[in-house]
Amino acid sequence: MNGVLRVSKGTITVFVLPCLLFYLAFVFAPILVSVYYSLMEWAGMGDAVFIGLDNYIFMFTQDPIFWPSVLRTLYISLFSLAQIPIAIVVAILLSRYVRRPNFLVSSYFLPVILSVVVIGQLWKAIYNPASLGGMLNKLLTAAGLDSWTRTWLADTDIAIFALCFVILWQYIGYHVLIQFTGVQNISSDIYEAASIDGAEGWRADRHITLPLMAPVIKISVVLAVIGSLKAFDLIVVMTGGGPADSTQVISTHMYLATFNSFKYGYGSAISTFLVVFCLVMTVLLNRLFKRAEEAIS
Amino acid sequence: MITEAAGASVAKQAAAESRTVSWRKAKKLGAWCFLAVLAVTQLYPLVWLLLYSFKTNSEIMSGQFFALPKTWQWENYTDAFTSGNYLNYIKNSIVVTGLTLLLTIFFSAMVSYAITRFRWRYGNAVLLLFMIGIMIPIQSTLLPLMVIFKNMNILNTHLSIIIPYVAFSIPIAVFILSGFLRSIPHEIEESAMIDGASIYRTFLSIILPITVPPIMTVTILTFISIWNEFIIAATFLSAEGLKTLPFGLNSFIGQYTANYGAIGAFLVLGALPVIIVYFILSEKITKGMVAGAVKG
């Protein structure tokens, strides 16, 4: 719906143009420039050479890091979705058993507001070998589980899971907070009516809480998926994509190709793919939600 | 006989009741244990960091996973404080975050007002353009922006990070503000216009004041993401004197690889400002983050 105020074109220009131009110049134009660079071979210095779609052909057919990094990006999204059921359970338990939940909710939430640099460096120290004071390995040794100790971030099979756990640790509090707000917004009258009909406890949760929380759950899903694309900073701080490229995701691959290997053209091709990937994920998610909503109603 | 049967059934009922009561208690205990374990998992790493920051290297390497420092090494903090430019990083972060907030709010409030209240053809199209921005990952603009800024001769200045910060904070701000502005009744402006106030005056002295609650939400969301931003700062800045807190923190740690205690101390110092803000405004922050998430 549009507004009703009748104003002159000049006024509209004054209100809209500065912001719109600024936004187009620094968000949209760079993307177009990046598409243009992706058709070039260019190392930053000297002349760029037009090579058509060669960068894309190399990316899709020859680059050994590319497809694993796409898959890993999807894994991280899926893994991030795992925190939502946990958050829902926590939210329900909080609202049912805890009279003053604020302290617990704020302590779950605390890691959310910290910088990835603090989080990343802290967890690097936690994952260190025991000889360097790593807490996790010391904890395992103290519990008599010596055989479980690992060099968590140096092991190509495990590093990615170690990273996923940090993402979970940082953001679970956000999801708990969102789900908890959702639970609290459900009117207690509904539960009273349900208990007269004999639905209490987990049965009431399944038939009342969950359906009523569908919109809040949707928010968590979107945040988890978008957030997992942001795992980029954390990976740069903690592993830099290593060891042996085992923690590369699309965005780290793009960043390292561009700023470490100075393949500006090729980096731009990956970056163009990343933008398309994000937009496609958004459209797919929206479709999925529409279908889920139709299924419920 | 009748009374005896009644007595038995009462006793049975009492037994059943006490069983459900104890079952309920067990469930409550279980729930509390689960919630407490989660709280410890969330908080213990931070407590561990605090203890770590007061230890000597040998204590850190040889100690147990839980151990208090034998003597509290305040030197770690003086080391971190004197060899890193902590106060300068903080100053830079305040300048950059402050300017980003001002520009973001100013720009997005004006555009949101125009989108929701003016009668014009392209309002929805403009809104859609801004909404697409929410989905665009900021990393994908790094190289083009670097080239653009190099040509503008502003690479390695605060401007080169404030510009992308503002540009990428605008979409979510426009979304939140236009959602709010759409809901206020039109009589508000009509009465002001009848009194002869211009549209600019109406915007500044009537609309902006009532928009304070959603502006708070925008402020909180933008503050958390910009204060903590690392990768853009690390890509566009190189001068030591310009570094923001997260970037300065990371490069300090890169240089001080052997002094664990000082690294810990610097991490604590790095986390401190936002934790202090959180203690003071925790309710506002959690509410703002939920409101932002719900609307985003």
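Contact here means heavy atoms within 4.5 Å. By that rule, the contact between the two chains takes 87 residues from chain A and 91 residues from chain B. This is a predicted model, in which local features need pLDDT of at least 70, side-chain atom pairs count only at pLDDT 80 or more, and totals for chains, interfaces and linings use all residues. Residues are numbered from 1 along each chain as its sequence is written, chains are lettered from A and ligands numbered from 1 in the order in which they are written, and side-chain values use heavy atoms, with hydrogens and water left out.

**Interface between the chains**

- The size of an interface is often given as the accessible area lost when the parts come together.
- Chain A and chain B bury about 8600 Å² between them, and 77% of this lies on carbon and sulfur atoms; buried area is the accessible area (1.4 Å probe) that two parts lose on being put together, summed over both.
- On the chain A side, A:L5, A:F15 and A:Y97 lose the most area to chain B, together 10% of what that side buries.

**Salt bridges**

- A salt bridge is a side-chain nitrogen of Lys or Arg within 4 Å of a carboxyl oxygen of Asp or Glu.
- The count is three salt bridges over all chains, and zero between chain A and chain B.
- B:E189 and B:R117 form a salt bridge through their side chains, at 2.7 Å from N to O.
- This pair links distant parts of the chain, 72 residues apart: B:E189 belongs to helix α8 (residues 187–194) of chain B, and B:R117 to helix α4 (residues 86–117) of chain B.

**Helix packing in chain B**

- Helices (H or I, at least four residues) are DSSP runs, numbered from the N terminus; axes are lines fitted to C-alpha atoms, for helices over the stretch in contact, and angles run from 0 to 180 degrees between N-to-C directions.
- The axes of helix α7 (residues 159–183) of chain B and helix α10 (residues 212–227) of chain B come within 10 Å and cross at roughly 155°.
- That angle makes α7(B) roughly antiparallel to α10(B); angles under 35 degrees count as roughly parallel, over 145 as roughly antiparallel, 65 to 115 as roughly perpendicular and the rest as oblique.
- Residues of α7(B) in this contact include B:Y165, B:I176 and B:F180, which belong to the group that meets residues of α10(B), among them B:P214, B:V218 and B:L221.
- By class, the contact of α7(B) with α10(B) has ten nonpolar, three polar and no charged residues; Ala, Val, Leu, Ile, Met, Phe, Trp, Tyr, Cys and Pro count as nonpolar, Asp, Glu, Lys and Arg as charged, and the others, Gly among them, as polar.
- Helix α9 (residues 199–210) of chain B also meets α10(B), with axes that come within 5 Å and cross at roughly 65°.

**Helix packing in chain A**

- In chain A, the axes of helix α8 (residues 159–184) and helix α11 (residues 231–238) come within 11 Å and cross at roughly 130°.
- α8(A) and α11(A) are therefore oblique to each other.
- A:L163, A:V166 and A:I167 of α8(A) make the contact with A:A231, A:L234, A:I235 and A:M238 of α11(A); the residues divide into seven nonpolar, no polar and no charged.

**Backbone features in loops**

- A:G242 and A:P243 are joined by a cis peptide bond, with omega about -5°.
- A:P243 is placed in the loop between α11 and α12 (250–259) of chain A.
- B:N153, although not a glycine, has a positive phi of about 65°, and lies in the loop between α6 (142–152) and α7 of chain B.

Technical notes
Helices (H or I, at least four residues) and strands (E, at least two) are DSSP runs, numbered from the N terminus.
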